Protein chains: 2
Amino acid sequence: MKKTLGIIGGMGPAATCDLMEKVIALTRASCDQEHIHIITDCNTNIPDRTAAILQGGPDPVPELQRSAARLETAGAEVLCMPCNTAHHFYDQVADAVQIPVLHMPRETAGILRQAGVKTAGVLATDGTVQSGVYEKALAREGIEAVYPDKEDQAQIMRLIYQGVKARAVPLADIPVGEILSRLRGRGAEVFLLACTELPIAFAELGQMEGCLDPTRVLAFAAVRACGGETTADSPW
Amino acid sequence: MKKTLGIIGGMGPAATCDLMEKVIALTRASCDQEHIHIITDCNTNIPDRTAAILQGGPDPVPELQRSAARLETAGAEVLCMPCNTAHHFYDQVADAVQIPVLHMPRETAGILRQAGVKTAGVLATDGTVQSGVYEKALAREGIEAVYPDKEDQAQIMRLIYQGVKARAVPLADIPVGEILSRLRGRGAEVFLLACTELPIAFAELGQMEGCLDPTRVLAFAAVRACGGETTADSPW
């Protein structure tokens with residue numbers, strides 16, 4: 001009997017669907033009943049994580065904990081959060097429930113270590129960058145994090161907030177290729193799409209080459225944590 | 001304050017994500033927090049609906065009711081079921097909760113009536129066809145249902161079960177264009193993709209012309225039922 005997966009979602013809603021699709025695609029199943037039972041709380045009442053970390057915006061922890069508890073009560077046996085920035089609050093979420101909560105940056109760092117990566121370029125929200133969530137997870141595996149410069153970081157934020165979340169700016173307006181090329185110049189062997197909106201944008205832009213998608217890493221870890229068989233040998 | 005939407009899902013999992021994406025795309029929102037709070041139970045323990053209707057397979061009602069109750073307990077205020085065949089059991093699901101449950105075939109029939117359609121081609125599982133779920137919903141609006149012949153119906157079942165659910169047969173192996181052309185010959189003015197796996201297949205095949213997608217109709221109705229503003233004036 002496979003375990004039931006709980007997804008603390010809504011950060012944003014599109015990234016939540018993206019994780020669900022990746023879990024479904026990575027599960028070896030020939031009919032509905034062989035898939036993993038997933039309960040998703042696409043909780044759009046969770047305040048913006050970056051605004052909380054950088055600008056003293058409303059604290060997302062109470063709503064994150066409410067979602068975690070709601071999912072546990074509903075029957076989830078393993079939890080995950082498809083929002084990298086939310087992992088700044090990981091300990092407080094994990095403390096709110098009795099069931100395990102997967103840690104997306106640590107799972108991602110583990111995959112990079114297995115691949116022998118020494119330096120990873122981190123594309124993420126300002127909140128994720130400033131909080132050091134990825135830096136810490138990568139350091140545990142002996143991997144160095146490099147980041148875009150200030151102007152490129154502002155473009156990444158525009159891609160996330162105006163491009164994907166608001167759909168107000170065409171994704172192609174952001175010079176992604178040039179940003180990646182400059183990151184490569186700083187030593188990045190691989191690019192981490194360390195905001196869950198980025199794999200959506202990069203897939204649409206056809207820019208997945210050389211990138212590792214932490215959402216796919218989390219989906220892969222979730223299928224295995226629930227006792228499912230994966231359709232691939234690794235999340236690359 | 002918008003209402004929380006509950007989705008009784010897992011029938012199949014891909015169709016569940018498809019509905020969520022359509023709800024998200026149809027909601028006018030410029031940030032995560034303006035989207036609708038959705039709780040989804042992708043309950044893959046629900047037995048196959050067509051097998052239950054036609055072959056005396058396990059009864060899906062207890063699990064459907066369990067999902068409905070789980071979602072109500074978790075805070076959902078409006079429910080919907082992204083599975084057309086499951087609407088054969090609609091009354092039993094609606095009776096299990098105090099909150100309203102949207103009815104996909106009836107919402108779809110309403111949209112067709114508004115468009116002045118008199119005859120609709122119904123593409124669906126054997127279970128949906130035999131149960132008359134669409135025939136009854138369409139008849140309430142004075143619309144006639146026409147169906148594929150026996151061989152074409154077998155191809156539609158293959159597209160649903162082998163093509164989308166199992167991903168064991170390439171979608172392009174099914175002669176969809178010819179099936180639609182024969183249905184048009186029987187008087188169909190529009191094609192109802194009346195199994196939630198079909199909009200997924202038809203979108204991939206580039207065959208949406210002349211089709212109405214009940215999943216999109218349901219998403220449209222769900223956004224409005226939750227008090228959200230839609231990004232389009234109709235689900236066409």
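The model is predicted, so local features need pLDDT of at least 70 and side-chain atom pairs pLDDT 80 or more, while totals for chains, interfaces and linings use all residues. Residues are numbered from 1 along each chain as its sequence is written, chains are lettered from A in the order in which they are written, and side-chain values use heavy atoms, without hydrogens and water.

**The sheet.** Select the strands (DSSP runs of E, at least two residues, numbered from the N terminus). Six of them form an open sheet with mixed pairing, in the order 3(A)-1(A)-2(A)-2(B)-1(B)-3(B); two strands pair if DSSP finds at least two bridges between them. The edges are strand 3 (78-80) of chain A and strand 3 (78-80) of chain B.

**Within chain B.** Select residues 5-9 and 38-42 of chain B: strands 1 and 2 pair there in the parallel sense over 5 bridges. Gly6(B) has Ile39(B) as its bridge partner.

**Between the chains.** Next, select strand 2 of each chain; the two run antiparallel, joined by 5 bridges. Here Asp41(A) stands opposite Ile39(B).

**The interface.** Now display both chains: 34 residues of chain A are in contact (heavy atoms within 4.5 Å) with 34 residues of chain B. Finally, select Asp32(B) and Lys165(A), whose side chains meet in a salt bridge at 3.0 Å, N to O. The rule, a side-chain nitrogen of Lys or Arg within 4 Å of a carboxyl oxygen of Asp or Glu, finds 4 salt bridges across this interface.

Key: Helices (H or I, at least four residues) and strands (E, at least two) are DSSP runs, numbered from the N terminus.
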